[in-house]
Amino acid sequence: MQVIVVENAQAVGEYVADTIIRRIEKGVLKVLGVATGSSPVPVYEALERRGVPSPQTLKAFALDEYVGLPKAHPESYHSVIERDVTRRLGLDPANVRVPEGDSDDIEHAGARYEQAIREAGGVDLQILGIGATGHIGFNEPTSSLSSRTRIKTLTPQTRKDNARFFDSPDEVPQHCLTQGLGTIMDAREVVLVAHGASKADAVAAAIEGPVSSMCPGSVLQFHENASFVVDEAAAAKLTLREYYDFTVQNRPEWQR
Ligand code: F6R
């Protein structure tokens, strides 16, 4: 696991955009896993500024979607991904998939999504945020560490955190369709981004705590190619900070 601490949210965005552009130029990133929410927005902004190489051939898969919100709702993840990712990065909408949270046969939508990821050759690089509960995707505490795409119930904390996107807290859906922790772990590379003091506990628990379904993000300790790119405020509760900085300063070029 690599831990990279940078000054602020904008620097998080620049760092990760640089990683993504390098991988695309090397030819090892053809399928990008994308997250919604505030955390990855600086990454998408930096990619928009710098320009994604060959955007029309890049495929993207979103992590999750609310259940029961029509696709056209401005806060459905279909709408958010279209605004924040497809348009900013200049992707072909036909190459961008979001779980079908409004499907008539929702019980099969998870398996269909898994199949679509497999058919695309798997996710090469997955961008993740982390919730205050330690969730990645919408895998809330006690999610199976080997779970696949399925319906989950959001915790009251997550509904409260996401109420800022809706007119009233009651409008936040109770359920979602999310890639499982096993699905996320199948990505060849995972980059988790976090900024702000409200993420410090979850970041410390995921990186330095025990691997436990009580902090779903901690499963990334088992991933062979995972990085956390966080700002100073989100890094505030890490105990091995000096070691992480030393590692980054002395990192060989081939590891970037
Ligand atoms: C979003 C997602 C969630 C968010 C997390 C943090 O697709 O899967 O795990 O990354 O809730 O949200 P923000 O970034 O808004 O704090």
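1. Tyr-66 has Cys-176 in β8 as its bridge partner. Strand β4 (residues 64-66) and strand β8 (residues 175-178) run antiparallel to each other, paired over three bridges. Strands here are DSSP runs (E, at least two residues) numbered from the N terminus, and two of them pair if DSSP finds at least two bridges between them.

2. A word on the basis: this is a predicted model, in which local features need pLDDT of at least 70 and side-chain atom pairs count only at pLDDT 80 or more, while totals for chains, interfaces and linings use all residues. Residues are numbered from 1 along each chain as its sequence is written, and side-chain values use heavy atoms, with hydrogens and water left out.

3. β8 also pairs with strand β7 (residues 150-153), in the antiparallel sense and over four bridges. Here Arg-150 has Thr-178 of β8 as its bridge partner.

4. Now to the open sheet: seven strands follow the order β1-β10-β9-β6-β2-β3-β5, with parallel pairing. Its edge strands, each pairing on one side only, are β1 (2-6) and β5 (96-97). At the β5 end, β3 (residues 59-62) joins β5 in the parallel sense over two bridges, and Ala-60 stands opposite Val-96.

5. Around the ligand are 14 residues, the closest being Ser-39, Asp-64, His-135, Gly-137 and Lys-199; a residue is near if one of its heavy atoms lies within 4 Å. This shell divides into three nonpolar, eight polar and three charged residues, with Gly counted among the polar ones.

6. Of the 410 Å² of accessible area that the ligand has on its own, the protein covers 94% (Shrake-Rupley method, 1.4 Å probe).
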